[in-house]
Amino acid sequence: MPFTLSLLLLTAAAPPAESLRLLMVVGDAPAGVVEARREGKRWVYRSTHLYRAGPAERRRTLEVDAAGKTRDGKVPETWWLSRLREVGCVDAVEELELSPERVCVRERKADGRETVVEGRIGETPFRARYGKSGALLELTVNEVAFRASDAPLPEGVDPFATGFPLSGQASRGTFRYALTGGDASLEDAVEAAREVDDAPVGREPAATTDCLTAARALVKARPGLSLVLGVVTEDGRAWPHAWAEDAATHRAVDPTLPPHDARLTRRRYLAFPKDAGRLYLALLAGTVKVTQTSKEAGR
């Protein structure tokens, strides 16, 4: 089965941990958040994409025994890959589509600090890093990496699916947007966030609703464009978004909206600097906020 961003939701203990959160990364861009937890004989997980249009969440609950196996004797892929394994293969089940897979560890290399594993999920190669305790640190399949994160994410809140709240002046009017808050380690990144002054240029959208995929494809196809990560403000919220920018004109290009779409002028685009991953996590934790002030008052 072809690998997708939602293929693997990973655990970090065996038996499965009570609760876990991971960051999905495509290239250098954060692409989503993964949560997984054990509830008695049930294994529950959720995958949320940052850049999907509309609801971006998928869930699955599996019945497992004490050994982590389903009723037909297969192990969930995520559970098996969550721990350092010996060289060999196992019959597994891919959780979201419930498709059977053969997962194999082909090689292990340890250096005293961590162990690097190479293997295959079906016909797809993977590379994983495990810490001294045997817990998964990072799994990479194609261009997608799943990295363990200990960021203090809020319980019961899913801002990547519902957007981030806007802080500051809430009266009617035309606003400027900026980032505020954070600690000393994020001061420079917060200050470097910038609002896009001119409305972006639209393009006929690709078949995908994933703006990160569409923006990466556009940048690859057109030299002179660069990838931009940030948020757009719309309907009173700030939403994670990806678009492109022309290096010569600094004009933004949104590959998810057609030309003359009213949303190009209705939305406001706030571009993040290179440290976008940490800013997204800080927005999740509530230590950084998207703020609005009247345009007349400035920033």
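D235 counts as exposed because its relative accessibility is 67%, where buried means under 20% relative accessible area, exposed over 50% and partly exposed in between (1.4 Å probe, protein chains only). The model is predicted: local features need pLDDT of at least 70, side-chain atom pairs count only at pLDDT 80 or more, and totals for chains, interfaces and linings use all residues. Residues are numbered from 1 along each chain as its sequence is written, and side-chain values use heavy atoms, with hydrogens and water left out.

D235 sits in the loop between β16 (225-234) and β17 (237-246); helices (H or I, at least four residues) and strands (E, at least two) are DSSP runs, numbered from the N terminus. The phi of D235 is positive, near 55°, in a residue other than glycine. H250, in the loop between β17 and β18 (252-254), also has a positive phi in a residue other than glycine, near 65°. H250 is exposed, at a relative accessible area of 55%.

## Overall composition

The protein has six helices and 20 strands. Of its 299 residues, 49% are buried. Its accessible surface is about 14700 Å², with 50% belonging to carbon and sulfur atoms; accessible areas come from the Shrake-Rupley method with a 1.4 Å probe, and for residues only the protein chains shown count as cover.

A contact means heavy atoms within 4.5 Å. Of the contacts between residues at least 6 apart in sequence, 54% join residues at least 24 apart.

## Helix α6

Helix α6 (residues 276-285) has seven of its ten residues buried, so it is largely enclosed by the rest of the structure. The buried residues are A276, L279, Y280, L281, A282, L283 and L284. G286 follows α6 and has a positive phi, near 85°.

## The loop around T70

T70 belongs to the loop between β4 (57-63) and β5 (75-76), and counts as buried at 14% relative accessibility. Leaving out residues up to four places away in sequence, T70 touches E63, V64, P76 and V93.

## Salt bridges

The whole structure contains 15 salt bridges, each being a side-chain nitrogen of Lys or Arg within 4 Å of a carboxyl oxygen of Asp or Glu. One of them pairs K74 with D72, with the closest N and O atoms 3.8 Å apart. K74 is partly exposed at 24% relative accessibility, and D72 is exposed at 52%.

R108 and E86 form another salt bridge, with a closest N to O distance of 3.7 Å. R108 lies in strand β7 (residues 99-110) and E86 in the loop between α1 (77-81) and β6 (88-94), so the pair ties together parts that are 22 residues apart in sequence. R147 bridges to E138, the closest N and O atoms being 2.6 Å apart. R147 is partly exposed at 35%, whereas E138 is buried at 15%. Through shared partners, salt bridges join E114, R129, E138 and R147 into one network.

## A negative patch

D183, E187, D188 and E191 form a negative surface patch. Patch residues have over 30% relative accessible area and no salt bridge; like charges are joined within 9 Å, and nonpolar side chains (Val, Leu, Ile, Met, Phe, Trp, Tyr) within 5 Å. Lys and Arg count as positive and Asp and Glu as negative, while His and the chain ends are not counted. The place of a charge is taken as NZ of Lys, CZ of Arg, CG of Asp or CD of Glu. D188 lies in helix α3 (residues 187-192) and is exposed at 66% relative accessibility.
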